[in-house]
Amino acid sequence: MPRPADTAIGLDVGGTRIRAAIIGRDGAMRDRRIEAVQPDRAGFAAQVSRLVEALNHTGCAGIGIGIPGRVDGGTGAILSAGYLDIAGLDLRARLGATAGLSVRVENDAAMALLAEVSCGPADARGLVAMVTVGTGVGGALVSEGRPWHGGGVAGQFGHIVVDAGGPPCRCGQRGCVETFSSGTALGALVLAEGLAPGTRAEDLLDRAVQGDAVAATVLDRWALPMQRALHTLAAVVNPVRVVIGGGLGGAMAAALDRLPARDGWYSQPFAAATLGDDAGVIGAGLSVFAGRAP
Ligand SMILES: [Zn+2]
């Protein structure tokens with residue numbers, strides 16, 4: 001009997017960087033590489049193939065790759081990927097042919113959440129949600145340790161509407177939480193309150209603790225729509241926990257903690273993600289072993 005493969009190749013594609021590494025079943029990472037991502041279609045395809053070929057395939061069960069955008073979790077089809085021109089690119093066929101391995105393509109938040117529930121303190125039992133806060137707001141669901149896609153693209157929590165008369169969103173609706181509680185929205189709030197352009201969320205949190213009313217106002221206006229969205233998330237799917245991740249995940253969790261609890265039927269336990277920038281590449285490798293939610 002051959003030994004079961006105990007490693008996988010993980011790739012995490014971000015808006016600006018791509019990470020690749022060998023990931024063990026236990027989440028251990030080795031041979032990590034980080035490069036600036038090639039945003040054009042042909043350059044990206046060549047880059048991904050080259051990174052996979054450069055890693056040692058011995059004992060590898062397959063390849064997992066996380067994409068920053070909408071991915072049909074059932075088929076692996078890339079429907080959109082933000083600034084990257086890779087919609088419709090068939091990575092499963094391309095990488096499968098290159099490496100002779102099975103390929104799993106998922107939304108990057110699903111990969112990060114897999115890592116959090118497998119290697120972090122969050123309990124993997126039941127339905128766990130992730131909300132990512134970065135340039136935009138993303139999300140994912142994991143059920144019993146496996147990504148849950150609904151009809152294909154479940155978990156797009158950035159597009160929970162919190163104000164039907166709010167600003168237009170790129171998805172076609174108005175007043176999505178992404179238009180209020182993303183990093184982009186935080187930058188606009190900073191300017192609207194007359195603060196220095198580029199003021200960081202951590203600076204705002206420090207200043208609010210010291211009693212700065214303007215910093216507190218910016219943080220509350222940024223986090224309150226997210227609090228509403230989390231209540232809606234609780235009402236719709238009632239996850240046992242929401243992990244707040246992404247580059248601004250820790251700051252958002254801290255800003256949410258500042259808000260008074262709201263009366264009503266729904267409250268939602270949440271916690272900041274714990275694994276940092278490597279969660280995506282670790283989860284991408286673990287996805288090869290994770291199976292699919294029923
Ligand atoms: Zn939207």
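Modeller: Strands are DSSP runs (E, at least two residues), numbered from the N terminus. This model is predicted.

Biologist: In which strand does Asp12 lie?

Modeller: Residues 7-13 form a strand. Asp12 falls within that stretch, in strand 1.

Biologist: Is Asp12 buried or exposed?

Modeller: Buried means under 20% relative accessible area. Asp12 has a relative accessible area of 13%, so Asp12 is buried.

Biologist: Which residues does Asp12 touch, not counting residues up to four places away in sequence?

Modeller: Contact means heavy atoms within 4.5 Å. With residues up to four places away left out, Asp12 touches Arg17, Ile18, Arg19, Gly66, Asp108, Gly280 and Val281.

Biologist: How many Å apart in space are Asp12 and Ala112, C-alpha to C-alpha?

Modeller: In sequence, 100 residues separate Asp12 from Ala112. In space, their C-alpha to C-alpha distance is 9.1 Å.

Biologist: Is Ala21 buried or exposed?

Modeller: Ala21 lies in strand 2, which covers residues 17-24. The relative accessible area of Ala21 is 0%. The cut-off for buried is under 20%. Ala21 is therefore buried.

Biologist: How many Å apart in space are Ala21 and Val52, C-alpha to C-alpha?

Modeller: Along the sequence, Ala21 and Val52 are 31 residues apart. In space, C-alpha to C-alpha, the distance between Ala21 and Val52 is 8.8 Å.

Biologist: Where does Glu144 lie?

Modeller: Glu144 is not a glycine, but has a positive phi of about 50 degrees. Its relative accessible area is 51%, so Glu144 is exposed. Glu144 sits in the loop between strand 9 (137-143) and strand 10 (146-147).

Biologist: Is Asn238 buried or exposed?

Modeller: Asn238 is found in the loop between helix 7 and strand 11. Its phi is positive, near 45 degrees, in a residue other than glycine. Exposed means over 50% relative accessible area. Asn238 has 57%, so the residue is exposed.

Biologist: Why are helix 6 and helix 7 not roughly antiparallel, and what is the word for their arrangement?

Modeller: Helix 6 (residues 201-209) and helix 7 (residues 213-237) have axes 8 Å apart, at an angle of about 125 degrees. Roughly antiparallel needs over 145 degrees, and roughly perpendicular runs from 65 to 115. The two helices are therefore oblique.

Biologist: How many nonpolar, polar and charged residues does the contact of helix 6 with helix 7 have?

Modeller: Helix 6 passes helix 7 in a left-handed crossing. Leu204, Leu205, Arg207 and Ala208 of helix 6 meet Ala215, Ala216, Val218 and Leu219 of helix 7. By class, the residues of this contact are seven nonpolar, no polar and one charged.

Biologist: Which elements are included in what covers the buried residues of helix 8?

Modeller: Helix 8 (residues 249-258) has Gly249, Ala251, Met252, Ala253, Ala255 and Leu256 buried. Their cover includes strand 8 (127-133), helix 4 (178-181), helix 6, helix 7, strand 11 (241-245) and strand 12 (270-272).

Biologist: Trp265 and Tyr266 form an aromatic pair; is it stacked or edge-to-face?

Modeller: The structure holds one aromatic pair. The ring centres of Trp265 and Tyr266 are 6.1 Å apart, with 70 degrees between the planes. Planes over 60 degrees apart count as edge-to-face. The pair of Trp265 and Tyr266 is edge-to-face.

Biologist: What does Tyr266 count as, by relative accessibility?

Modeller: Trp265 is exposed, with a relative accessible area of 79%. Tyr266 has 35%, so Tyr266 counts as partly exposed.

How values were computed
Residues numbered from 1 in each chain as written. Predicted model: local features only at pLDDT ≥ 70, side-chain atom pairs only at ≥ 80, totals over all residues. Heavy atoms only, no water. Axes fitted to C-alpha atoms, helices over the stretch in contact; angles between N-to-C directions. Helix = DSSP H or I, 4+ residues; strand = E, 2+ residues; numbered from the N terminus. Parallel < 35°, antiparallel > 145°, perpendicular 65-115°, else oblique. Left-handed = near helix turned anticlockwise from the far one by under 90°. Nonpolar A, V, L, I, M, F, W, Y, C, P; charged D, E, K, R; others polar. Phe/Tyr/Trp six-rings, centres within 6.5 Å; stacked < 30°, edge-to-face > 60°. Buried < 20%, exposed > 50% of the residue type's maximum accessible area, 1.4 Å probe, protein only.
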